[in-house]
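Q: Please take a close look at the ligand surroundings in this model. Which residues come nearest the ligand, and how are the residues listed by UniProt as "binding site" placed?

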Amino acid sequence: MGPILEISDLKKLARKRVPKLFFDYADSGSYTESTYRANESDFAKIKLRQRVLVDMSGRTLETTMIGEKVKMPVALSPTGLTGMQHADGEMLAAKAAEEFGVPFTLSTMSICSIEDVASVTKRPFWFQLYVMRDRDFVVNLIERARAAGCSALVLTADLQLLGQRHKDIRNSLAAPPKLTPKHLYQMAIRPRWCWNMLQTNRRTFRNIHGHAKNVTDLSSLHSWTAEQFDPKLSWADVEWIKKQWGGKLIIKGILDVEDAKMAAETGADAIIVSNHGGRQLDGAHSSIAMLPRIVDAVGDRIEVHLDGGIRSGQDVLKAVALGAKGTYIGRPFLYGLGAMGQAGVTKALEIIAKEMDITMALCGKRQLADVDKSIIAEYPF
Ligand SMILES: Cc1cc2nc3c(=O)[nH]c(=O)nc-3n(C[C@H](O)[C@H](O)[C@H](O)COP(=O)(O)O)c2cc1C
């Protein structure tokens, strides 16, 4: 393989290094994957304005997200089973984010636990909460996140039940993987992945295993997770969570103007315009298509962030120009992780930062604070 210049290069390498069932888990959307594809392709419909003969020296991408200083407005998204893309994946990604100077968000459904990640980081990370039916478990998770020094809670609102991703069913996805001949073959032809996985004992959902009531072995863990997502979750629960947590709160999974207004009413610190990376409601709009309307409706009351489809620094810049105070990347960092471990996550961040910096300059801007709709030539949303 030649030099790694863009996120798609990391994706190609990850495909070669990660067993098929886990690569597919990252590279999938629900049903026809139309929203997954639109998340990426809608960015290409936004055209930038080329400006010339303006001073382009002394540039900076630094800004803040929910009051925290960031090297660029790009956090790592919470992603489940990250420790299956690469052994100890969450710990490696958190270290890469910390060294780079951007936030890392740990998923409830991670392989490495809150405590595992806290043990290898010095700065606070963010914790993503799925609200389970077992509210004692939820209270316990929140307490663990607080004890670990997490500086924000990211409440995911768009997964009261799981969107169907055909690839995962076809692959019989599980963590740890089932040891059928098909799965054994998929792993055996990825010896580097196997070798790293044999060096760690972190191979199951460590935020849950040993913490939730009656989850003592793998089969009870599987049945517990299958029935625990709460279909009755409502705005009243957001109030309850806000009280339990008492710190900075980000509501993730807002794609509709009415929901954005409700979220702003809760007094949360930020919302993430998101459709879960096209993994939940197939046929919904892309995140970037909904961003301008949501910013118009609530941008003066609450910080608006965006995720979904960001594959370059240009995409980040377009989102910022359309009003996002911050963005998140899911697959780009997962591909980096699967391709090269911690160094691959760093590479993904470096690629995005460099693209953003050069694009910002060619649009005639030197600081992120000056980036607004004036850098956009046209957009169709
Ligand atoms: C493999 C994978 C696992 C995910 N797991 C979670 C999760 O556990 N919690 C959550 O809130 N979002 C989860 N998401 C959604 C991401 O947080 C984020 O919304 C999405 O990945 C952004 O789109 P992008 O991958 O195109 O950047 C997951 C996404 C992927 C790709």
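A: **Ligand surroundings**

Of the 23 residues around the ligand, S77, G80, S107, G277 and G330 come nearest; a residue is near a molecule if its C-beta atom, placed from the backbone, lies within 6 Å of it. This is a predicted model, in which local features need pLDDT of at least 70 and side-chain atom pairs count only at pLDDT 80 or more, while totals for chains, interfaces and linings use all residues. Residues are numbered from 1 along each chain as its sequence is written.

The shell around the ligand holds six nonpolar, 13 polar and four charged residues. Here Ala, Val, Leu, Ile, Met, Phe, Trp, Tyr, Cys and Pro count as nonpolar, Asp, Glu, Lys and Arg as charged, and the others, Gly among them, as polar.

An unreviewed UniProt entry lists Y25, R165, H276 and R279 under "binding site"; such annotations may be inferred rather than shown by experiment. These positions are spread over 255 residues of sequence but cluster in space, with a largest C-alpha distance of 13.3 Å.

Y25 belongs to helix α2, residues 20-26. Helices (H or I, at least four residues) and strands (E, at least two) are DSSP runs, numbered from the N terminus. Y25 counts as buried because it has 23 C-beta neighbours inside 10 Å; the cut-off for buried is 20 or more other C-beta atoms within 10 Å, with 12 or fewer for exposed and partly exposed in between, C-beta atoms being placed from the backbone. Not counting residues up to four places away in sequence, Y25 touches L81, D168 and L173, where contact requires C-beta atoms, placed from the backbone, within 7 Å.

R279 sits in the loop between β9 (270-273) and α13 (287-298). R279 is also buried, because 24 other C-beta atoms lie within 10 Å.

Definitions and conventions: Contact = placed C-beta atoms within 7 Å.
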